[in-house]
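Subject: Structure handed over, with notes

Hello,

Here is the structure we spoke about. Please look it over first; my notes follow below it.

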Amino acid sequence: MKNILTSLLFVVAVLLFLGSCYKDEGNYDYTDINNISITSDSNSIRVMLPDTLRVNTVITQTKPGTEGLSFQWVLYPAIGAPTTRRTIGTDQNLKAIITEEPGSYRLDFFVKDKQTGVEFQKTFSISVLTKLSEGWVVVEEKAGGCDLTMITPIDSIYRDVYSPTNGDQLLPLGTSRIPDIKTNRGIQSVYVLSPADGQYVSTENFLKVRPYPELFYQAPNPPKPQEYFMNTDFEVMVDNGKLYNRALNLPAGNNKLTLPPLGPAGDYYMAPFEMYAAAIGYIWYDTIGQRFYRQSTTNFELSAFGSAQPTDLFDMNNIGKRLIYAEVNAVGANNVFYSFFRNNNDDSLFAFSFQTSPPTGQRMPVARYDGLDAPGMHTAKFFVLSRSLPHLYYTSGNVIYRLDIPAKTAAPVYTFPAGTEIRAMKMYRNLKTTDANTNKMIAVATLEGGTQGKVYYFPIAATGNFTNNTYSKVFTGFGKINEITFKSLK
Amino acid sequence: MPLSALLILASCKEEELLKYDQPAMAYFYKDYFNVTAVNDSTVYSFAIRPDAQMTDTVKVPVRIMGPAAAVDRVVNILVIADSSTAVAATHYELLPVIVKANEFTTFMEVVVKRTADLKLGEVKLWVEIKESPDFKPGIPATTPTNPHAGGNLKYKIRLNDILTQPSNWNVLTSFFGVYSKVKYLFIIQATGLSVFSYGFSGAALSYADMNFLNDQCKVKLAQYESINGPLLDENGVRVTFP
């Protein structure tokens with residue numbers, strides 16, 4: 001019995017082995033699939049609530065099947081894991097009521113050939129907006145105070161949006177600063193700063209949430225808010241040249257802006273310009289000592305930079321000039337900053353650039369340009385540094401200048417009518433990473449004829465000049481504008 | 001077959017709820033999360049109180065084992081005479097410890113008194129829970145283990161008018177650095193606080209709060225040094241803060 005079983009197993013094994021030698025004749029019936037292409041007017045769509053979301057598509061097929069197509073539209077948040085996917089349509093063209101919160105979303109459009117089961121997909125970027133969720137926030141001066149107006153991405157204007165949610169109270173007269181609006185840990189922080197006051201307002205409706213003193217453990221007295229910066233988890237309120245800090249990456253619990261750090265060399269008064277690099281923290285220019293300091297994000301203490309070498313182009317610890325403006329030019333692992341100075345005799349202009357993480361063999365100072373030929377820059381009020389070119393835009397009188405830093409020469413890029421007062425100038429920076437216009441458009445607020453406030457959009461060409469040497473849009477009907485700040489979608 | 005049927009039927013027997021059938025007991029409660037209560041002792045120093053304050057009350061949590069009762073009950077706490085150096089009526093007064101009706105917890109309350117000799121040295125008060133008509137001594141000595149609390153029958157109160165290191169200094173070092181009496185007194189003056197409720201669940205102070213206190217100390221120390229020069233502690237070491 002055992003021998004018979006062994007023989008049978010041997011025969012089966014031999015048959016299986018020989019079976020592997022069977023030649024595949026390859027007599028298959030291949031057919032081309034129906035290739036489907038999907039097109040639409042735009043891949044990036046904004047919907048202003050309570051409008052419906054409408055998307056029309058054109059579908060072309062190479063080999064239409066007899067059973068037709070099926071469609072599915074799926075909406076989900078663009079940021080984070082798409083845990084809340086919602087099917088909002090099953091037709092070729094979409095017309096859907098949006099119940100999602102304002103924010104950035106992705107919309108997947110699936111088209112399936114019912115005969116073959118082969119599916120094609122196209123993805124859209126959707127911005128769900130309210131009238132206050134995204135756009136330029138404009139601070140307008142009224143009789144007795146200031147109010148806010150929104151210019152939305154679809155060019156709608158919503159006027160006086162602060163006072164109705166704040167018991168008809170206006171912002172203090174002279175309110176002229178809304179620092180860059182950032183989002184951290186799901187919270188979008190909107191601060192509104194006045195000459196002797198400040199407040200934290202709701203990003204949803206600009207409701208005053210916290211008065212200025214409540215932001216601090218020990219509030220500055222008297223308050224003189226100048227700027228607020230947030231980078232990763234590190235906040236700084238600059239008040240009267242002092243730095244009030246807060247880290248957001250702390251265990252839960254009470255957390256306010258703490259006391260300013262001590263000056264390593266006595267008193268200091270920091271210029272309120274944002275210079276931050278993840279590798280070393282904040283960089284400040286002390287207008288008393290006329291030198292740079294670095295500020296640790298671990299304990300917020302200030303410290304000097306390493307000693308200068310004889311070959312260095314300048315000494316970070318001993319500049320000896322009056323800072324006019326400073327900003328980052330190139331962002332990355334090695335940030336590059338430009339700082340602009342006038343000498344103490346006020347008869348020369350300078351541009352110094354430095355890098356925060358010098359490659360091996362290089363030093364922190366990168367370049368210096370002495371003797372800039374830049375009309376009106378001594379007294380300019382508004383500055384914007386390009387993020388792609390070594391160009392600085394500044395305003396003087398009714399003129400916007402562009403300074404070509406390596407060439408050390410500035411020239412007008414746009415001149416407003418005589419008598420125009422330029423009231424604000426900002427670079428368009430949308431925190432939405434997919435926005436193609438970020439850092440490629442400058443917004444300018446003016447006061448014309450003494451009473452007419454306007455907001456202009458100036459797209460920037462690859463050369464650094466304004467596209468077609470003029471603006472692309474202008475918004476009118478404003479009074480005296482004190483400030484414009486872009487508010488990204490949360 | 002009959003055996004398996006019996007086993008199956010036996011499994012259907014209803015089990016009675018467990019009930020506490022021991023006599024009522026009382027013990028000093030040791031909260032795992034409250035580092036100041038983890039130890040079997042506490043330090044009370046008049047040195048961090050205003051000069052005018054001559055008495056205070058030290059409260060030590062007491063819990064019972066067993067059900068609550070409909071009447072007030074007494075916990076018998078006696079002084080361990082051969083281990084104590086504090087003098088009754090002079091340094092302290094031990095108040096009656098009552099567990100009120102329908103309650104499971106109470107406090108041992110000891111009125112401590114400021115006397116001149118406390119500036120010269122520390123006195124100790126050792127107490128122990130003894131049997132009373134209402135309670136027997138409960139948990140003798142157990143160490144809290146997360147998430148369980150512990151208990152003890154003895155408790156020590158150290159009483160002085162000298163600056164003494166807060167019991168949770170080990171979690172304060174990242175804000176205040178190495179302990180010294182001079183530094184601690186400076187911290188009290190700079191912050192207005194002598195007790196730092198930090199480092200345990202339910203603590204009153206957050207990490208950011210402690211950072212602010214650290215900043216306060218640094219600012220005040222800089223002001224002090226600008227006038228007086230470096231502040232040296234009792235060991236001759238310069239006072240600094242991290």
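The buried residues of helix α5 of chain B include B:Ala208, B:Met210, B:Phe212, B:Leu213, B:Cys217 and B:Leu221. Buried here means that 20 or more other C-beta atoms, placed from the backbone, lie within 10 Å of the residue's own. Helices are DSSP runs of H or I with at least four residues, and strands are runs of E with at least two, both numbered from the N terminus. This is a predicted model, in which local features need pLDDT of at least 70 and side-chain atom pairs count only at 80 or more, while totals for chains, interfaces and linings use all residues. Residues are numbered from 1 along each chain as its sequence is written, and chains are lettered from A and ligands numbered from 1 in the order in which they are written.

The buried residues of α5(B) pack against α3 (173-176) and α4 (181-191) of chain B.

Chain A has an open sheet of 4 strands in the order β12-β11-β10-β36, with antiparallel pairing; strands pair if DSSP finds at least two bridges between them. Its edge strands are β12 (157-158) and β36 (480-487). Strands β10 (135-142) and β11 (145-151) of chain A are joined by 7 bridges, and A:Glu141 stands opposite A:Cys146.

Regards

Key:
Buried ≥ 20, exposed ≤ 12 C-beta atoms within 10 Å, placed from the backbone. Contact = placed C-beta atoms within 7 Å.
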